[in-house]
Amino acid sequence: MLKSIKVRAYMTRRLLTFKPEMDLFTAINRLLEHGLAAAPVVDSAGHLIGVLSEGDCLRAILSGAYFEDAHGTVGNYMAGTPETIDADADIIEAAECFLRGQRRRLPVLEDGQLVGLLSRADVLRAVKEFAQRDQGRPA
């Protein structure tokens, strides 16, 4: 049953994260280097405090161009704390979260700490592997 499949089994554990005091252009460079559209922002204790997306970066650049002052920190431009999911949630709960919101990825928390990211593709992979196991075919 799909409810037996936990988010932790399919989440990405190796994350690019930012600190709020990081220079915005350093963060933009890191997003580009890693081919990511967004990354979580965490405090010094590892608690999720926001997300910096390509859209946030574009807004910062446009605002800076308008005021002829294009600089700042991640904390100045990040979006507030996004919807999250618990590492022990099941894949069905994750699919429901994705359908309710506009996100392509959900930060995964365990005991209040950021431990991973789950994407829509991760959920589809979990369902595919479950269906193949259920039909006796190799994943």
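Author: Contact means that heavy atoms lie within 4.5 Å. By that rule Asp-90 touches Leu-2, Lys-3, Ile-5, Lys-6 and Val-7, not counting residues up to four places away in sequence. The model is a predicted one, in which local features need pLDDT of at least 70 and side-chain atom pairs count only at pLDDT 80 or more, while totals for chains, interfaces and linings use all residues. Residues are numbered from 1 along each chain as its sequence is written, and side-chain values use heavy atoms, with hydrogens and water left out.

Reader: Where does Asp-90 lie?

Author: Asp-90 is in the loop between strand S3 (85-86) and helix H4 (91-100). Helices (H or I, at least four residues) and strands (E, at least two) are DSSP runs, numbered from the N terminus. The chain has five helices and five strands, in the order α-β-β-α-α-β-α-β-β-α.

Reader: What makes Asp-90 count as buried or exposed?

Author: Buried means under 20% relative accessible area, exposed over 50%, and partly exposed in between (1.4 Å probe, protein chains only). Asp-90 has a relative accessible area of 6%, and therefore it is buried. Of the 139 residues of the chain, 36% count as buried.

Reader: Which backbone nitrogen does a side-chain oxygen of Asp-90 reach at the start of H4?

Author: That oxygen comes to within 2.9 Å of the backbone nitrogen of Ile-92. The side chain of Asp-90 also reaches the backbone nitrogen of Glu-93, at 2.8 Å. A polar contact is a pair of N or O atoms within 3.5 Å; within protein, one must be able to donate a hydrogen and the other to accept it, and residues adjacent in sequence count only if both atoms are side-chain atoms.

Reader: Which residues of H4 are buried, and why are they said to line one face of the helix?

Author: The buried residues of H4 are Ile-91, Ala-94, Cys-97 and Phe-98. Seen down the axis of H4, they fall within an arc of 115°, so they line one face. The arc is that of the directions from the helix axis to the C-beta atoms. An α-helix has 3.6 residues a turn, so residues three or four places apart point the same way.

Reader: What covers the buried residues of H4, and which exposed residues does the face turned away carry?

Author: The cover includes S3, strand S4 (105-110), strand S5 (113-119) and helix H5 (120-134). The face turned away from the buried side carries the exposed residues Leu-99 and Arg-100.
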